[in-house]
Amino acid sequence: MMTGQRDFASGLLEPDFAAPVGLVNPDGAQALKRYDVYRNNVAVSLTEALELSFPVIRKLVGEANFKLLAGAFLRRHPPVTPILMLYGEQMPGFLEQFEPVQRLGYLPDVARLELALRLSYHAADVEPLDPVVLQQMPTDRLMAARVALAPAMRLVRSRWPVHSIWRFNAEDGAGKPSAQGENVLVIRPGYDPVAATLPPGGGSFVDALMRAERFGTALDSAIAAAPGFDLTETLGMLLNGGALIGLDED
Amino acid sequence: MLDATAHRFDRLPDAPGVGYKPQHFSDILSNAGPVEWLEIHAENYMGDGGRPLAQLRALAERFAISVHGVGLSIGGEAPLDRDHLARLKHLVGWLNPASFSEHLAWSTHDSHFLNDLLPLPYTNQTLARVCTHVGQLQDTIGRRMLLENPSAYLAFAETTWAETDFLAEIAARTGCELLLDVNNVYVSTTNQQTDPYAYIDAFALDLVAEFHLGGHHADADETGAPLLIDSHGCEVVDPVWKLFAHTVAKSGPKPVLIEWDADVPDWPVLRAEADRAGAILQAASA
C-alpha cells in the first residue's frame, strides 16, 4: 500500500477528511489519532504564527474567535514559503470578505497596520539621509528632486482611526479612539518600528513620495488634500525616523 | 560580511549548545555558562535586516553557530524549492556557520508550506529521492550537511528499510553526516513499541556530527498505547538523559544541543539543561 504525500497532505488542513490508508499503528491497524497529531501540529503551529503576527486583531475579536478566524484563514491561504515571520499578507483582504467580522469594518486596516509594523521590523538596514543635505539644498532643486525612502518605512491610510484603535488595544493607558480617519506612518529609527499619525495632508504627501513623484508634486497634492498642510511637521517625522535615505535629481 | 575573527568557528565544539531564542540575547552574552555554541533556525533569519540579523551578527562573533533548516522539505516528493535553496545559500554564504543541518522529513506540498516535519516511508524509491535532494543542497551551499532523524508518531505499511540503515545509506551515497536526535529516538521507538537502545546500537555513530536533546509530552492513541509528542516544550526527561549517556559512552563526546521551542523558559532553566548535557559529555571523555 502506497501512501503518497498528496493523500497525506490532503487531510492535514481538513479536519473532516478521514486519515489516509497505509498509515499504521504498531499493531498494524490503521493510524487515526496518530495521524491527527500531524493534523493538530499543522493547524496549531500556523495559528500560533498568526497570533504572534496579529496580536491586536486577536484582542479585538477575542481569543476564541481569533482561533476560528485563523483556522479559516490558514485553510484558505496556507503559507507559500517557509518564512513564517512574513506569513499573513492576505489577512486584510481576508478580513474584508470574512462574513462573521463584517460589522467590524476597521479590522482590515488594523491588520494592515500590524503587517506594516512587522514588515518594517524585518526590512533592510539603510543609512538615513543627513538632514543638513535637505536644509542646504536650494528650494527649486529640492522641489524638482525625488526622494528615496527607507525599506522600513510604511504608510497605512485609513478612513478609520486605525492608529488610535491599535494603540488603545496595544498600549496601556492610551486614550479612546476618536471618530476620524487616520493616516499612519511607520518608521524605524533603530530596530523598533514606530507608528505615528500624520497631520492632515501628510498621507497624501507621503503617498506621492512613495509613488516617486517629485517633492514639489507631493507638496501640491498634500496642499490639495489639506490647505493648511504643515510640511515642517511631516518632514520632521520622516527625517527623525530615518525614512529618507537619498535624493535623486534627474 | 563578518570580520575575520568569526572564522575561527569552523566547527562546532564537543560541548553543549542551545537553540537560540531572542529573549535570551543579553543573558547569553553575559552569562553563557557551559554553552559554547548556538543553533538558529534558518528560516527565522531570512528577512532583509533589522534586529534579528543584527543579533545574529553579534552572536556569531562570540559563538560557533549551527544553522538548522526547518523548511526545505528534503523528504518531499516534489523537487526542492529553488527560491528556498537560494535563500539558504545566501544565509550560509554571509554567515559562514560552523554547521548546517536539515531533517529527514517533508513539509511542503503543492507549494504550500505545512510547518510540520512530516514523515516519509523508507523505500528504495524514497531513498533515491532523498539522496538527490541532499546532493542538490550540498552542491548549492558548497558544504557537507547533517541530516537529522525524525520523530515519528505512525508507520507506513510500505516501508522496507529500517530508519537506521536508511540514514546510513543516505550518508554513504551523498557524503552527508548525521545529526542524531536522542529525544526523537526515544519518542519514535516508544511510539513504534521498539527498543531505543537497539536503535542506538544499530545507528552509524561514526557518522554522527551532532546530538539533539529536547523535551516531549506523553499522550496515548485510541487503543491506549503510549503516544509521545515531540513538543520541545519542557525539560529533557530522565529516560532520554540515560539513553544519551549510553550513546555518548559509545560515540565519545560530540556537540550536543538543547532544543526548547515552546513555553520557552528563563535563561537559568535552559542553562541548567546545558549543564546536565555537558556533565554527560565530560563523563564520557574522562
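Predicted model: local features only at pLDDT ≥ 70, side-chain atom pairs only at ≥ 80, totals over all residues.

Modeller: Residues are numbered from 1 along each chain as its sequence is written, with chains lettered from A and ligands numbered from 1 in the order in which they are written.

Biologist: OK, which residues of helix 5 of chain B are buried?

Modeller: B:Glu163, B:Phe166, B:Leu167, B:Ile170, B:Ala171 and B:Thr174. Buried means 20 or more other C-beta atoms within 10 Å of the residue's own, with C-beta atoms placed from the backbone. Helices here are DSSP runs of H or I, at least four residues, and strands are runs of E, at least two, numbered from the N terminus.

Biologist: And what covers them?

Modeller: The cover includes helix 4 (124-141), strand 7 (146-148) and strand 9 (177-181) of chain B.

Biologist: What comes after helix 5 of chain B?

Modeller: B:Gly175, with a positive phi near 80°.

Biologist: Switching topic: how many residues of chain B are in contact with chain A?

Modeller: 39 residues of chain B, against 40 residues of chain A. Contact means C-beta atoms, placed from the backbone, within 7 Å.

Biologist: Which element gives the largest share of chain B's side?

Modeller: Strand 6 of chain B, with 6 residues. Among the elements giving two or more residues to that side are helix 2 (51-62) and strand 12 (226-229) of chain B.

Methods. Buried ≥ 20, exposed ≤ 12 C-beta atoms within 10 Å, placed from the backbone. Contact = placed C-beta atoms within 7 Å.
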